[in-house]
Amino acid sequence: MEDFVDSYTDYLISSSSYTTATGTASLLSVKHDKITRALSTGVYDSKFLWKKAKPYIEELIRSKETIILSFDDSIQKKQYTDESELNTWHFDHVFGRSVKGVDFLTALVEVGGMRLPCGVEFIKKDIWATDTKTGKQKRKSSKTKNGLFREMLQECSSKIHFDYVLADSWFSSVENMICCKKTLKNDFIIALKNNRRVALSLEDKQNKTYVSIETLQPGQQTVEVWF
């Protein structure tokens with residue numbers, strides 16, 4: 001299995017076109033069914049990834065440079081594959097619409113421009129719920145993407161040291177920031193949407209006086225705000 005994983009990974013990295021099980025079988029001179037079986041029965045999760053990446057990451061973080069842990073989610077479109085809790089419909093912000101595919105959240109360690117994956121979680125829509133607008137049944141995740149973010153963040157913190165957490169605006173909830181700063185004692189850089197409302201002082205927060213960050217013009221100055 002180890003040899004297969006390494007060979008399959010090399011095939012994915014080196015291929016300049018579409019990758020298929022048939023292409024892998026041809027490259028390795030094995031039957032197509034063997035590739036399909038290995039991919040469908042193997043458990044390729046965060047534990048598997050960490051086992052493979054651990055020695056390289058431990059060597060990487062020996063550096064005295066700043067260590068960054070970044071998070072991002074991606075969708076691998078698979079429109080012709082049967083729908084399931086794993087391969088289902090997700091909203092894609094790039095296209096501004098839902099696409100059918102596999103949605104996954106990845107954690108990357110970056111030091112001096114070099115990046116290695118240290119965690120991955122697949123977004124599974126494993127329960128059914130009624131759409132309040134249409135009244136129809138639709139798939140829903142029992143765990144939110146932000147909940148998975150916090151779980152992965154704490155798991156990574158238990159394994160490696162890092163200086164900053166980076167993420168886009170999807171992960172800019174107050175709960176995530178508290179997890180980074182108060183629970184794990186890490187600084188973070190997380191983008192905010194321009195319609196986010198903030199208070200400019202503790203007194204404003206207590207009085208529930210908020211303004212849109214779009215109205216702020218900080219220039220090169222740092223602005224302290226309260227959520």
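In what follows, a residue is called buried at under 20% relative accessible area, exposed at over 50%, and partly exposed in between, with a 1.4 Å probe and protein chains only. The model is predicted, so local features need pLDDT of at least 70 and side-chain atom pairs count only at pLDDT 80 or more, whereas totals for chains, interfaces and linings use all residues. Residues are numbered from 1 along each chain as its sequence is written, and side-chain values use heavy atoms, with hydrogens and water left out.

**Exercise 1. Describe the overall make-up of the protein.**

Step 1. The secondary structure comes to seven helices and ten strands, where helices (H or I, at least four residues) and strands (E, at least two) are DSSP runs numbered from the N terminus.

Step 2. Along the principal axes, the C-alpha atoms fill a box of roughly 70 × 55 × 30 Å, and buried residues make up 30% of the 227 residues.

Step 3. An unreviewed UniProt entry lists residues 29-198 as "domain: Transposase IS701-like DDE", an annotation of a kind that may be inferred rather than shown by experiment. Over residues 29-198 the chain is 29% helix and 35% strand, with the end C-alpha atoms 60 Å apart.

**Exercise 2. Find which partner Asp-6 has in a salt bridge, and state what parts the pair joins.**

Step 1. The criterion is a side-chain nitrogen of Lys or Arg within 4 Å of a carboxyl oxygen of Asp or Glu, and by this rule the count comes to eight salt bridges. Side chains of opposite charge can pair when their charged atoms come close.

Step 2. Asp-6 meets Lys-52, with an N to O distance of 3.0 Å. Because Asp-6 lies in helix H1 and Lys-52 in helix H4, the pair ties together parts that are 46 residues apart in sequence.

Step 3. Asp-6 counts as partly exposed because its relative accessibility is 37%, and Lys-52 is likewise partly exposed, at 25%.

**Exercise 3. Decide whether Asp-103 and Lys-145 are buried or exposed, and place their salt bridge in the chain.**

Step 1. Asp-103 forms a salt bridge with Lys-145, the closest N and O atoms being 2.9 Å apart. This pair links distant parts of the chain, with Asp-103 in strand S3 and Lys-145 in helix H5 (residues 145-159), 42 residues apart.

Step 2. Both Asp-103 and Lys-145 are buried, and together with Asp-73 they are linked in a network of salt bridges.

Step 3. Another salt bridge joins Asp-187 and Lys-181 at 2.3 Å, N to O; here Asp-187 is partly exposed at 34% relative accessibility, and Lys-181 is partly exposed at 42%.

**Exercise 4. Characterise the lining of the largest pocket.**

Step 1. On a 1 Å grid over the protein atoms alone, a pocket is an open set of points where a 1.4 Å probe fits, with protein on both sides within 12 Å along at least five of seven lines, and lining residues have an atom within 4 Å of a point.

Step 2. The largest pocket holds about 2200 Å³ of space, the volume being that filled by probe spheres set on grid points joined across faces, edges and corners.

Step 3. Of its 44 lining residues, Tyr-8, Leu-12, Leu-39, Tyr-44 and Phe-122 lie nearest the centre, and H1 gives the most to the lining, with eight residues.
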